[in-house]
Amino acid sequence: MLGSNTLGNGWVVPADDAAITAAADLLRGGQIVAIPTETVYGLAADASNADAVAHIYAAKGRPDFNPLIVHVPDLAAAEELAEFGPLARQLAEAFWPGALTLVLPLREGAKVAAAVTAGLPTIALRCPAHPVMQAVLAKSGLNLAAPSANKSGGISPTRAEHVLASLGGAVPMILDAGPCKEGLESTIVAIRLENIEILRPGPVTTESLQTFSKRQPSQQTGQKIEAPGQLASHYAPTKTVRLNAQTAKDGEWLIGFGTVAGHDNLSPTADLAQAAAHLFDALHRADASPYRSIAVADIPDKGIGVAINDRLKRAATR
Ligand code: TXA
Ligand code: MG
């Protein structure tokens, strides 16, 4: 459903100063707003307001056992919500603002609605780098709970149009700042006994985390699901997805990479960062194409390629 809102010509508004002020007002009033970050677009609400957080779950159709990431303006705000040990602080100083989410013990008395953590004794925190998200945090004076701004289980949005297509009229305002630079959701790590455990691979690679930990960062193996984004089927298009394709079979839309040309190509020069930035947009387009199913070229499993392959495996599982 498209329509006009009090700001004028529609749900999607360019993220200028007036729109940022209006977004901050909506958030302070307990509403939800879709906001661009450097990873993907997030669906934000005041993390301390239980009713506001309930709007996020309702709009996404998200199961209520799946906790949310809280976005903070800086490390000081984060330390009011969680217990930071030396390693957590080091990681925050090295990677914030940026695409790293830290899962840490929830601080007693932290001003966070219970639904944000889904009853867990931990909280996921991220200080985002995107100037629009930073401006909304500053203007509103709030910490913002924000999952990716898509229907639960669907493909994450890297453009305002993706949010509109997935959530449409359920969101009073979508701030538009063009495509997201990283294009994949943040890396999520838990710190256990001063060791790093990667719960979700992302733009901050294992290689770059390695230098901060005496032990090799471990990757969660998945018997026990701690980040439900790690459910086997997630980020899924509506069509079947075949991986490691060289050519398109009958009825397939091929997403290429490097020399595998395809109908669309994640990066003709085989640049993995460029491929990450284009991945979800390519999946959205493949899903919207008149083709019956989707095939994707082989992506090297190194650097951010690990996170790309993580999302592709989940997209291919149903
Ligand atoms: O880049 C991102 O992280 C984006 C932008 C908007 O910041 N957000 C995002 O949120 O991807 P979402 O809700 O789609 O994914 C958050 C993941 C979920 O898989 C959730 O289960 C996990 O974080 N999570 C949240 N709190 C957790 C906790 N206390 N322990 C373990 N996992 C947690
Ligand atoms: Mg998500």
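**Reading burial, charge pairs and strands**

Q: What is the relative accessible area of Arg192?

A: This is a predicted model, and in it Arg192 has a relative accessible area of 33%, so the residue is partly exposed.

Q: Which side chain meets that of Arg192 in a salt bridge?

A: Here is the general idea: side chains of opposite charge can pair when their charged atoms come close. In this case the partner of Arg192 is Glu197, at 2.6 Å from N to O. Glu197 has a relative accessible area of 17%, which falls under the 20% cut-off, so this residue is buried.

Q: Why is S10 described as largely enclosed by the rest of the structure?

A: Six of its six residues are buried, so the strand counts as largely enclosed. As background, in a regular strand the side chains alternate between the two faces of the sheet.

Q: How many salt bridges does the structure hold?

A: There are twelve. Among them, Arg159 pairs with Asp281, the closest N and O atoms being 3.3 Å apart. These two residues link distant parts of the chain, 122 residues apart. Arg159 is partly exposed at 27% relative accessible area, whereas Asp281 is buried at 9%.

Note on methods:
Residues are numbered from 1 along each chain as its sequence is written. Chains are lettered from A and ligands numbered from 1 in the order in which they are written. This is a predicted model: local features need pLDDT of at least 70, side-chain atom pairs count only at pLDDT 80 or more; totals for chains, interfaces and linings use all residues. Side-chain values use heavy atoms; hydrogens and water are left out. Buried means under 20% relative accessible area, exposed over 50%, partly exposed in between (1.4 Å probe, protein chains only). Helices (H or I, at least four residues) and strands (E, at least two) are DSSP runs, numbered from the N terminus. A salt bridge is a side-chain nitrogen of Lys or Arg within 4 Å of a carboxyl oxygen of Asp or Glu.
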